[in-house]
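Let's take a walk through this model, one neighbourhood at a time. Keep the structure open beside you as you read.

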Amino acid sequence: MKHLKHPTRILFFTGKGGVGKTTMACATAVQLADQGKRVLLVSTDPASNLHDVLATQIGNSPTPITNVPGLSAMNIDPAESARAYRERMIGPYRGVLPEAAVASMEEQLSGSCTLEIAAFDEFSRLLGDEASTTDFDHVIFDTAPTGHTLRLLTLPSAWSGFMETNTTGTSCLGPLAGLQDQQKIYQQSVAMLSDEKSTTLVLVTRPDASALKEAARTSRDLRQLGVDNQQLIVNGLFVATDKSDPLALTMETRFARVLNDMPDELADLPRSDVPLTAGNVLGIELLRMIGSDEAAITSTTEESQAVDSTLPGLESLLADLEAPGHGVILSMGKGGVGKTTVAASVAVALADRGHEVHLSTTDPAAHVMATLAAESMPHLTVSRIDPVQETADYTAEVMQTAGAGLDDAGRALLEEDLRSPCTEEIAVFRAFAQAVAEGTDRFVVLDTAPTGHTILLLDSALAYHREVSRQSMEMSESVQNLLPRLRDPEFTRVLIVTLPEATPVHEATQLQTDLRRAEIEPFAWVVNQSLTPLAVTDPVLKQRRAGEWPFITEIRDVQSQRSAVIPMLTEPPVGIDLLREMTSLQVSESGTNSN
């Protein structure tokens with residue numbers, strides 16, 4: 001891989017969910033450590049899976065990795081960072097201020113904004129304060145999926161700008177108070193990101209049109225932030241070994257076509273191609289081989305099971321989803337598993353049955369319109385929760401309500417507070433609650449953001465009331481009823497979408513646990529892009545198919561009473577006709593899909 005030839009001290013790995021960012025970041029970390037370098041690998045993903053790939057339990061401080069001298073890894077855990085941040089702010093006042101005052105501070109630091117700020121604070125410390133990582137030659141960031149990453153990378157500028165213009169030193173969003181004395185570190189973070197001698201951004205993509213398009217957008221946006229030293233990894237390239245396998249030949253042709261049409265923003269970047277592996281890349285030895293042809297054919301799984309033609313398809317869930325006549329359907333799961341596709345396919349199927357359906361998304365990197373190919377159909381409306389627009393609407397409303405009775409100085413102070421990046425989080429949450437409320441007289445199908453962001457969003461349900469109270473606004477009916485609606489199985493149906501692979505299934509299992517802790521019972525699991533129902537003869541595809549079976553049986557027999565399997569398609573399901581086919585695919589006795 002080219003970025004290993006002259007590596008900078010800081011390496012960022014980013015890209016669309018599911019493209020293999022963590023695998024590439026881990027492989028780079030292991031291979032640099034094998035060269036004798038001291039390496040710190042950091043995940044900023046709220047749903048980090050470093051422990052799966054490195055086969056080691058990772059904490060929120062540098063954890064040495066067994067069998068790789070010189071390598072340590074850590075997760076920036078938003079919850080733990082928030083706890084430490086709160087204690088740093090409140091601790092000095094315990095026993096000094098009255099108990100009621102300390103309780104008030106704890107209340108102000110209990111919201112979702114504190115999670116975001118605390119994670120940002122920890123991220124900036126590692127990036128901008130070289131003294132905190134002086135024991136390491138290289139610091140590698142395995143970042144969250146693209147939307148969250150862009151927000152995180154934008155924050156140093158946003159926070160710096162906010163604090164430069166905050167002349168009073170006060171904020172009605174209490175969590176910000178602790179950032180005032182760390183502006184120097186944030187300024188150093190911005191400088192570090194744009195210094196090409198110090199920082200390399202590695203864009204990771206699959207040979208897939210939507211992933212390449214998102215990588216191009218990320219490249220463009222980050223150049224605008226001054227991050228110019230960029231490289232590209234195309235992960236999962238496939239060349240058919242068995243030319244008589246129709247699926248293998250189709251994949252090879254499609255990948256070559258997509259790369260030939262690569263966006264201009266990416267075409268000139270230094271590029272490394274990584275072959276598709278036969279099995280999951282878990283464990284140190286496989287990471288050492290990433291980037292070589294050897295990794296493509298190495299697998300510990302033997303082809304064993306016969307095709308099971310009894311696997312239910314997505315169409316098997318439609319009758320139960322349709323039965324209430326209205327309500328909310330949430331499509332959830334790890335980034336890159338196909339949540340958008342499943343949400344769009346279910347929405348099209350319900351609209352075909354004559355129901356009024358509103359399809360929307362909370363994903364900052366929304367792909368709903370691209371999945372529908374901008375096509376329209378009767379009974380289906382499509383929208384997205386746009387953070388910019390929602391923030392503008394929310395700000396205007398606060399100024400008209402909470403700001404109405406203030407004098408000029410008070411209104412100026414309120415406007416200053418509303419420029420805080422925290423305002424966006426509140427505004428997006430409020431729009432999510434409004435979208436859920438629409439399910440009282442129609443179907444609302446929501447394509448949610450990747451797992452970590454979604455969990456933070458749901459965690460906000462209780463904290464939001466406190467944030468709204470601080471803004472002196474009335475709590476809307478949609479927010480008051482949000483949690484009861486999400487917990488009502490007759491109103492809300494959660495589809496957990498996964499791939500038949502280790503990390504997506506483990507993350508989906510954790511998501512299900514989190515949902516149940518919030519008293520939300522998932523309706524069904526959907527296994528997407530499965531080779532199991534298909535008859536394949538190419539050796540790499542056969543080994544990948546064999547590796548799916550333990551995960552499919554775990555889902556079917558342990559995780560859920562309802563499940564569906566969607567076969568891997570030869571072309572991405574873009575456009576209403578192809579989305580319609582996804583709910584009519586049948587698995588034949590020969591193991592090929594048809595409709």
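## A serine in helix α8

Ser 219 has its place in helix α8 (residues 209–224); helices here are DSSP runs of H or I with at least four residues, strands are runs of E with at least two, and both are numbered from the N terminus. This is a predicted model, so local features need pLDDT of at least 70 and side-chain atom pairs count only at pLDDT 80 or more, while totals for chains, interfaces and linings use all residues. Residues are numbered from 1 along each chain as its sequence is written, and side-chain values use heavy atoms, with hydrogens and water left out.

Is Ser 219 buried or exposed? Ser 219 is buried, as its relative accessible area is 0% (buried means under 20%, exposed over 50%, partly exposed in between, with a 1.4 Å probe and protein chains only). Setting aside residues up to four places away in sequence, Ser 219 touches Leu 203, Gln 230, Glu 265 and Leu 266, where contact means heavy atoms within 4.5 Å. With Gln 230 there is also a side-chain to side-chain polar contact at 2.5 Å (a pair of N or O atoms within 3.5 Å; within protein, one must be able to donate a hydrogen and the other to accept it, and residues adjacent in sequence count only if both atoms are side-chain atoms).

## Lys 243 and its loop

Next up is Lys 243, which you'll find in the loop between β7 (230–237) and α9 (246–260). Lys 243 counts as partly exposed because its relative accessibility is 45%. Leaving out residues up to four places away in sequence, Lys 243 touches Leu 249 and Glu 252. The side chains of Lys 243 and Glu 252 are joined by a polar contact of 3.1 Å, and the Lys 243 side chain also reaches the backbone oxygen of Ala 240 at 3.0 Å.

How far apart are the C-alpha atoms of Lys 243 and Thr 537? They are separated by 9.2 Å, although the two residues are 294 residues apart along the chain.

## Salt bridges

A salt bridge here is a side-chain nitrogen of Lys or Arg within 4 Å of a carboxyl oxygen of Asp or Glu, and by this rule the count comes to 16. One of them pairs Asp 137 with Arg 38, with the closest N and O atoms 3.0 Å apart. That pair links distant parts of the chain, 99 residues apart: Asp 137 sits in the loop between α5 (112–128) and β5 (138–142), and Arg 38 in the loop between α1 (21–34) and β2 (39–43). Both ends are partly exposed, Asp 137 at 28% relative accessible area and Arg 38 at 39%.

Another salt bridge brings together the side chains of Arg 353 and Glu 322 (3.8 Å, N to O). Arg 353 is in the loop between α14 (339–352) and β10 (357–361) and Glu 322 is in helix α13 (residues 318–322), so this pair ties together parts that are 31 residues apart in sequence. Arg 353 is partly exposed at 43%, and so is Glu 322 at 23%. Asp 441 and Arg 442 also meet through their side chains in a salt bridge (3.2 Å, N to O); Asp 441 counts as exposed at 54%, whereas Arg 442 is partly exposed at 31%. Then there's a network: Asp 34, Glu 285 and Arg 288 are joined by salt bridges that share partners.

His 358 is buried, with a relative accessible area of 10%. Not counting residues up to four places away in sequence, the contacts of His 358 are Thr 381, Ser 383, Glu 438, Arg 442, Phe 443, Val 444 and Val 445.

## Helix α22

Helix α22 (residues 502–517) has 16 residues, which at 1.5 Å a residue should span 22 Å; its end C-alpha atoms are 23 Å apart, which agrees. The expected span is 1.5 Å times one less than the number of residues. Buried residues of α22 include Val 505, Ala 508, Leu 511 and Leu 515. An α-helix has 3.6 residues a turn, so residues three or four places apart point the same way. Just after α22, Glu 519 takes a positive phi of about 65°.
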